[in-house]
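Please look over the sequence and the fold shown here before reading on. The report below works from the whole chain down to single residues.

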Amino acid sequence: AARGINEMLYDWQRGHAPTLPHATGIAASTTITATSAPAIGEKITLRQLLADGSTIAAFTFTVTAGTTGGNNFARTGVDHGLTNLKTIIDIAGAFTTSAVENLGSGNYRLTVTQNTVGTLGNTGVVSNCSNWTVPGATPPVNNGVFSGGVDKNQEDNCFWWNKRALR
């Protein structure tokens, strides 16, 4: 295959490797850790950048006293409402959730993964839920981020890894 002049001039033996190739990409994820139940009326919003790269879909879920349904979830349960939040996130269908983990000492964690693979999934999480933390948050606000999303790039880098890496 014909390659561009920049590839011909690059010192492949001494240059650094491009990012590791990913055949399918990696979806971004975040965790929500609960140490106690949030207050009634508090909200958490999970954001998703759609495939067109310009539209943000926001899924806002509100804490209630005891009813889970629609965009509302009950703060009840031994896991401080995380199982109820998981239920309505799963119904929304825009994210994948793990089982709620018991971390001990009354702390629980839910992992939420974007269904959009790649860097488009590295979006924000907006939360005012007291007693809950999201990675990337700076107290007193509990806003955080989805992170770790990597684009599919194997077709961009496989030539280097196959032909140019020192063996």
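**Confidence**

This is a predicted model. Its mean pLDDT is 80, and 72% of the residues reach 70 or more. Where pLDDT is low, the predicted coordinates should not be read in detail.

**The open sheet**

Five strands form an open sheet in the order β4-β3-β2-β8-β10, and the pairing is mixed. β4 (72-74) and β10 are the edge strands; each has a single partner strand, so one side of each lacks a neighbour in the sheet.

| Pair | Sense | Bridges | A facing pair of residues |
|---|---|---|---|
| β3 (residues 56-64) and β4 | parallel | three | Val 63 and Phe 73 |
| β2 (residues 43-49) and β8 | antiparallel | three | Thr 45 and Val 126 |
| β8 and β10 (residues 144-145) | antiparallel | two | Val 125 and Gly 144 |

Strand β8 spans residues 124-127. Which of its residues lie on the covered face? Val 125 and Ser 127 do. Gly 124 and Val 126 make up the uncovered face. Each face contributes to the pairings: Val 125, on the covered face, is bridged to Gly 144 in β10. Val 126, on the uncovered face, stands opposite Thr 45.

**Helix α2**

Helix α2 runs over residues 82-92. Its buried residues are Leu 82, Asn 84, Leu 85, Lys 86, Ile 88 and Ile 89. An α-helix has 3.6 residues a turn, so residues three or four places apart point the same way. Leu 82, Leu 85 and Ile 89 are among the buried set. Just after the helix comes Gly 93, with a positive phi of about 80 degrees.

**Val 112**

Val 112 belongs to strand β7 (residues 107-117). Is this residue buried or exposed? Val 112 is buried, because its relative accessible area is 0%, and the cut-off for burial is under 20%.

What does Val 112 touch, leaving out residues up to four places away in sequence? The contacts include Ala 28, Ser 29, Thr 30 and Ile 32. Leu 46 is another contact, and its position falls within strand β2 (residues 43-49). Ile 89 also touches Val 112; Ile 89 is one of the buried residues of α2. Phe 95, Thr 96, Thr 97 and Phe 146 are contacts too.

Conventions. Residues are numbered from 1 along each chain as its sequence is written. This is a predicted model: local features need pLDDT of at least 70, side-chain atom pairs count only at pLDDT 80 or more; totals for chains, interfaces and linings use all residues. Side-chain values use heavy atoms; hydrogens and water are left out. Buried means under 20% relative accessible area, exposed over 50%, partly exposed in between (1.4 Å probe, protein chains only). Helices (H or I, at least four residues) and strands (E, at least two) are DSSP runs, numbered from the N terminus. Two strands pair if DSSP finds at least two bridges between them. Contact means heavy atoms within 4.5 Å. pLDDT is the predictor's confidence in each residue, from 0 to 100.
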